[in-house]
Amino acid sequence: MDQRRFDNIGETLYTDVLPNGLRLRVDSRPGFATCYAAFAANYGGANRRFRCGGEWTDTPAGVAHFLEHKMFDMPDGDNALDLLSANGAEPNAFTSSGMTCYYFESTQKFYDNLRLLLKFVSTPYFTPESVAKEQGIIGQEIRMTEDTPDFAVYMNLLKLLYARHPIRDAVAGTVDSIAEISPETLYSCHKVFYNPSNMTLCCAGDIDAEKVRAVAEEALQAERGCVPETDFGEAEADTPAANYAEDRMDVSAPQFLIGAKASPALSGGGFLRQKLVGQLALRILCGTSSPFYTGLYAKGLLNREYDYELDWSAGTGTVIIGGESREPGAVLEHFKAAAAGVAGSGISGQAFENALRASYGARLRGLEDFDNVCVSLAEGVFGGYDAFDSFAMLRSVTPEECAEFIRDRLAPDKLAMSVILPEKE
Amino acid sequence: MDIERKEIMPGVNLTALRTDKFKTGCLSLSLLTQLDRDTASMNALIPCVLRRGTALSPDMDALSRRLDGMYGTAVEPITRRIGEIHCTGFYASFPEGRFLPSGTEVMEETARLLAELLLAPNTRGGLFLPDYVDSERDKLIEAIRGRVNDRQGYALQRCIEEMCRYEAYSTLRWGDEKSAEAIRYQKLTKHYHTLLASSPIELFYCGGADAEDVTAVLREALSSLPRGEIDWDIGTDVRMNSVEASPRETVEEMGVSQGKLVMGFRLGECMAEPDMPAIRVFNALYGGGVTSKLFANVREKLSLCYYASSILEIHKGLMFVYSGIDPENYGAARDEILRQLDAVREGSFTDAELAAAKSCFASEVRAEADSQGELEGYWLSNALDGGEISPEELAALAEDVTAEQVSAVARSVECDEIYFLKPDGSAEDEDGSETV
């Protein structure tokens with residue numbers, strides 16, 4: 001097992017690849033009562049057309065998420081959530097466009113809980129009855145989510161940006177698409193994506209990395225599996241499929257998102273750098289300390305319901321900036337002007353240094369959160385880098401790289417805007 | 001972790017937790033007042049206005065640049081109600097110097113900035129800037145209106161408003177729209193001076209510095225705090241019994257596709273001398289966790305709802321059960337939630353269920369000690385009711401809770417209000433017959 005020491009942030013990371021292909025990361029945290037384990041598959045809502053060497057298989061929208069719900073059922077009739085909870089753990093799972101992640105947090109019986117986690121995620125058990133019952137439950141969840149303005153404004157933005165990429169469909173699918181799911185669909189997707197070679201186990205806490213490895217070796221299959229290939233469709237253009245969409249819902253003030261596509265993600269150190277540059281560029285341009293945000297805040301065009309992010313998932317990079325404003329159109333005009341300003345005259349040394357320091361501090365704060373640590377480590381595994389390298393790499397990013405990102409990716413013709421307006425009186 | 005608590009200035013208490021466990025340190029400052037409909041909006045607004053600019057850093061732009069330069073130190077306004085005590089102030093989080101490329105410590109600078117925000121706002125003629133007050137007030141009003149966007153939170157607040165209609169607790173932590181609209185800069189400045197002079201102040205620090213050093217830094221930073229007669233007469237009125245013999249039901253409509261059911265309970269006689277570990281274990285067993293009666297029976301077995309959980313407001317002696325349901329399941333879900341409470345009252349639960357509840361609760365409390373934000377809330381809440389028991393000690397006490405103690409708490413609990421937010425035009429089913 002390799003031990004990497006990150007003295008700058010006071011962390012030690014143990015890394016290993018098991019003979020079955022499972023990639024292991026353990027962040028050692030002496031003094032913490034909480035231990036955290038995330039067992040993740042490189043499989044999400046966008047992995048709908050795939051193959052393992054042979055023929056391409058097409059699956060309906062929502063299988064990855066459906067599978068996540070059903071994995072907690074165990075063949076002997078037990079439910080993994082109950083077993084883990086009875087051990088004092090707090091288990092849960094999430095499915096994004098590019099990842100399915102099962103995790104728990106516990107302050108006791110960590111290795112027992114870990115064994116249970118690995119066992120239940122690698123043991124498929126589905127019946128027609130349990131699938132039918134879940135179709136009802138997830139159908140409810142889908143309807144509830146569709147009600148929320150946050151979700152609507154986000155999905156509308158993805159549909160504006162992407163013409164074909166499966167990321168434009170909701171991860172949970174639709175009531176109709178999940179009706180097509182059968183136990184066979186679930187068994188075959190589990191077999192393809194949930195093998196150790198396509199997965200990672202990332203843990204943090206006051207735990208012994210060797211012991212984690214021993215548990216993983218004992219609980220999982222010994223053989224390697226396939227690393228499936230996904231077809232996300234024909235490459236997308238740099239520009240959005242359409243630029244503007246609006247809808248009306250029961251909201252108190254207009255909700256909006258401005259979006260753009262970042263260049264298709266690379267892998268490895270180049271990918272990490274791309275992430276850091278993009279994130280820093282956005283912080284400088286439209287972070288909460290930027291003249292853009294503070295200016296519009298002072299004008300009353302933006303409030304604290306505001307955020308920005310760069311989401312890298314399933315071979316896409318998506319810039320998302322938004323919140324609540326009485327005049328979303330005016331916000332967009334100011335945003336274009338701010339981006340044009342940076343594109344024209346670049347970034348000042350002081351602005352860059354401040355953003356760099358703020359970003360460093362924010363990343364350091366992120367280390368306090370084991371959930372964030374383990375998910376970042378898992379994203380790093382699937383993206384081909386070590387997440388903790390971001391601290392050292394961040395300090396080598398230049399203002400020119402950030403200005404180039406803004407010039408290239410946030411030009412007026414690259415932007416799309418999604419708005420949810422209040423219902424008419 | 002070493003915990004130290006002392007009064008460092010008249011009416012100013014510091015709780016200092018020394019630990020090397022975290023990458024960041026935190027400092028918080030809370031002004032305490034009695035929760036009151038007339039002042040709640042002003043209290044909530046004050047830190048937001050102060051956060052707009054100080055004499056030295058007059059606007060957000062200047063403040064943000066300064067905070068970025070302090071390696072992304074964050075200082076946020078924070079307003080809470082803990083029982084019927086209104087706590088308003090700032091929460092600051094800053095990186096520990098030993099993890100910064102430059103090795104600079106920013107704790108002292110953060111303490112000075114907190115004091116500057118509190119004591120040296122950007123003013124004109126001694127008054128808050130009308131522009132800052134007006135724009136923050138409008139944002140506060142938007143936030144109050146915006147609570148409908150979170151349907152579950154809205155339903156919970158509506159249940160509280162109905163249930164505690166004659167109690168201060170019905171006041172939202174931001175106050176109401178009407179009182180917020182009435183705020184002007186002169187009035188707010190006057191209220192600010194009253195708060196500074198008379199409110200007890202709670203400070204919290206967690207990080208690598210010694211309590212002594214932190215005390216010295218904070219005393220120096222707050223040296224110009226104008227202290228008058230401190231208003232110690234604040235507290236929470238715990239009403240033991242339901243308002244009426246049987247729970248009141250309130251049904252309202254909104255454009256939602258899933259109904260939101262919230263049931264409000266009084267913890268009752270057990271609040272006379274509250275046995276905190278027993279009450280918390282009871283909650284975990286009844287509806288607090290995924291092994292609870294509500295989760296296992298109402299959601300899993302009977303599929304009556306999408307989720308069902310219970311939460312405690314221990315300072316005020318309340319419990320709420322909240323659930324997302326289809327309107328046609330209204331009557332059945334409500335009855336089942338009450339039936340599960342009866343089961344706990346009668347002791348119909350296994351040793352395994354009790355063990356799972358204890359373990360769930362203990363785990364939750366131990367985990368609080370791993371998060372500075374949680375620790376801050378934990379110790380502030382402790383400071384308000386004079387408790388000095390650490391999360392570790394509380395978790396250990398849960399082990400000794402008996403089945404009979406849990407049932408006794410359940411027997412003391414009374415349902416007082418049932419609130420249902422249902423989809424527009426839908427029919428809720430009471431007992432099998434359609435009602436519109």
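**Exercise 1.** Find which residue of strand 5 of chain B stands opposite Ser28(B).

*Solution.* Step two: strand 3 (residues 24–34) and strand 5 (residues 85–95) of chain B run antiparallel, joined by 11 bridges; strands are DSSP runs of E of at least two residues and helices are runs of H or I of at least four, both numbered from the N terminus. Two strands pair if DSSP finds at least two bridges between them. Step three: strand 3 of chain B is also joined to strand 8 (residues 201–207) of chain B, antiparallel and by six bridges. Here Ser30(B) stands opposite Glu202(B).

A word on the model: it is predicted, local features need pLDDT of at least 70, side-chain atom pairs count only at pLDDT 80 or more, and totals for chains, interfaces and linings use all residues. Residues are numbered from 1 along each chain as its sequence is written, while chains are lettered from A and ligands numbered from 1 in the order in which they are written.

**Exercise 2.** Work out why strand 3 of chain B is described as largely enclosed by the rest of the structure.

*Solution.* Begin with the cut-offs: a residue is buried if 20 or more other C-beta atoms, placed from the backbone, lie within 10 Å of its own, exposed if 12 or fewer, and partly exposed in between. In strand 3 of chain B, 10 of the 11 residues are buried, so the strand is largely enclosed.

**Exercise 3.** Describe how many residues of chain A and chain B are in contact, and which helix of chain A gives the largest share.

*Solution.* First, 48 residues of chain A are in contact with 43 residues of chain B, where contact means C-beta atoms, placed from the backbone, within 7 Å. Next, helix 12 of chain A supplies the largest share of the side of chain A that touches chain B, with 10 residues.

**Exercise 4.** Give the strand order of the five-stranded open sheet in chain A and name its edge strands.

*Solution.* The order is 11-15-12-14-13, with mixed pairing. The edges are strand 11 (244–249) and strand 13 (306–313) of chain A, each pairing on one side only. Further in, strand 12 (residues 255–262) and strand 14 (residues 316–324) of chain A pair in the antiparallel sense over eight bridges. Finally, Ile258(A) stands opposite Ile321(A) in strand 14 of chain A.

Note on methods. Contact = placed C-beta atoms within 7 Å.
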